Amino acid sequence: MKRRFACIALALVLTGCAFGAYQTWADFRNRNSAAVTNLRIGMTMEQVKQIMGSASVTGCAWSGPIICLATETMTNPAYTAAVIGADGKSYLAWMYYTSYCERNLRTLACHTPIVFQDGRVMGWGTEYLSAAKLDLNIH
């Protein structure tokens with residue numbers, strides 16, 4: 001009986017990583033997606049930090065049918081990137097996790113870039129990168 005209880009308890013703990021963490025990741029990216037809608041051109045980096053927050057989440061990044069196989073911590077911003085414009089000028093992009101990705105959480109497809117020049121927001125999103133002809137160099 002003790003062995004059966006121990007097995008059930010272990011299964012609940014392990015599946016908590018596979019299922020409970022997903023909601024945490026979803027909340028994190030949904031909060032970031034909502035916050036992006038409050039951005040405005042010309043905002044300072046400090047204003048963006050206040051809007052986007054500095055939260056982080058640790059959860060199951062990749063799970064098997066029953067257990068969590070790998071955990072990952074994502075912060076705000078998730079990472080930064082140097083951006084070179086067609087004009088030869090340097091820009092900085094802060095990357096925020098905003099879209100579901102099945103495996104690699106560090107791809108551009110999972111993130112919304114917020115692009116700065118001289119400490120002010122120039123634009124955001126992959127559409128902005130394309131329209132402004134900015135070449136992303138991820139660090």
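Visitor: Which residues do ring pairs link into a cluster?
Guide: Trp25, Phe28 and Tyr97. Rings of Phe, Tyr and Trp (its six-membered ring) pair if their centres lie within 6.5 Å; planes under 30 degrees apart count as stacked, over 60 as edge-to-face and the rest as tilted. This is a predicted model: local features need pLDDT of at least 70, side-chain atom pairs count only at pLDDT 80 or more, and totals for chains, interfaces and linings use all residues. Residues are numbered from 1 along each chain as its sequence is written, and side-chain values use heavy atoms, with hydrogens and water left out.

Visitor: How many aromatic pairs in the whole structure?
Guide: A search of the whole structure gives three. In one of them, tryptophan 25 and tyrosine 97 have ring centres 5.7 Å apart and planes at 90 degrees, so that pair is edge-to-face.

Visitor: Which elements hold tryptophan 25 and tyrosine 97?
Guide: Tryptophan 25 is in helix α1 and tyrosine 97 in strand β4. Helices (H or I, at least four residues) and strands (E, at least two) are DSSP runs, numbered from the N terminus.

Visitor: Are those two buried or exposed?
Guide: Both tryptophan 25 and tyrosine 97 are buried. Buried means under 20% relative accessible area, exposed over 50%, partly exposed in between (1.4 Å probe, protein chains only). Tryptophan 25 counts as buried because its relative accessibility is 3%.

Visitor: How far is tryptophan 25 from threonine 58?
Guide: In space, 8.1 Å, C-alpha to C-alpha. In sequence, tryptophan 25 and threonine 58 are 33 residues apart.

Visitor: On to the core. Which members of the largest nonpolar core touch the most others?
Guide: Met74, Val83, Ala93, Tyr97, Val115, Leu134 and Leu136, out of 18 residues. Two or more residues each come from α1 (2-36), β3 (79-85), β4 (90-97) and β7 (134-138). The largest share is from β4, with four residues. A nonpolar core is a set of buried Ala, Val, Leu, Ile, Met, Phe, Trp, Tyr and Cys residues joined through side-chain atoms within 4.5 Å.

Visitor: What does valine 115 contact, leaving aside neighbours within four places in sequence?
Guide: Tyr91, Leu92, Ala93, Arg120, Val121, Met122, Gly123, Tyr128, Leu129 and Leu134. Contact means heavy atoms within 4.5 Å.

Visitor: Which residues does the second core include?
Guide: Among them are Val36, Met43, Trp94 and Val121. That core is separate and has eleven residues.

Visitor: Zoom out. What's the pattern along the sequence?
Guide: α-α-β-β-β-β-β-β-α-β. That is three helices and seven strands. Of the 139 residues, 37% count as buried. Among contacts with a separation of 6 or more, 50% are between residues 24 or more positions apart.

Visitor: Where is isoleucine 66?
Guide: In the loop between β1 (56-63) and β2 (68-75). Isoleucine 66 counts as partly exposed because its relative accessible area is 49%.

Visitor: Backbone next. Which peptide bond is cis at proline 77?
Guide: The one from asparagine 76 to proline 77, with omega near -10 degrees. Proline 77 sits in the loop between β2 and β3.

Visitor: What about phi of aspartate 118?
Guide: Near 55 degrees, a positive value in a residue other than glycine. Aspartate 118 lies in the loop between β5 (111-117) and β6 (120-124). With a relative accessible area of 76%, aspartate 118 is exposed.

Visitor: And lysine 133, what is its phi?
Guide: Positive, about 55 degrees, although lysine 133 is not a glycine. Lysine 133 is in the loop between α3 (126-131) and β7. Its relative accessible area is 60%, so lysine 133 counts as exposed.

Visitor: Last one. How far apart are threonine 73 and valine 57 in space?
Guide: 5.5 Å, C-alpha to C-alpha, and 16 residues apart in sequence. Threonine 73 is in strand β2. Threonine 73 is partly exposed, at 38% relative accessible area.
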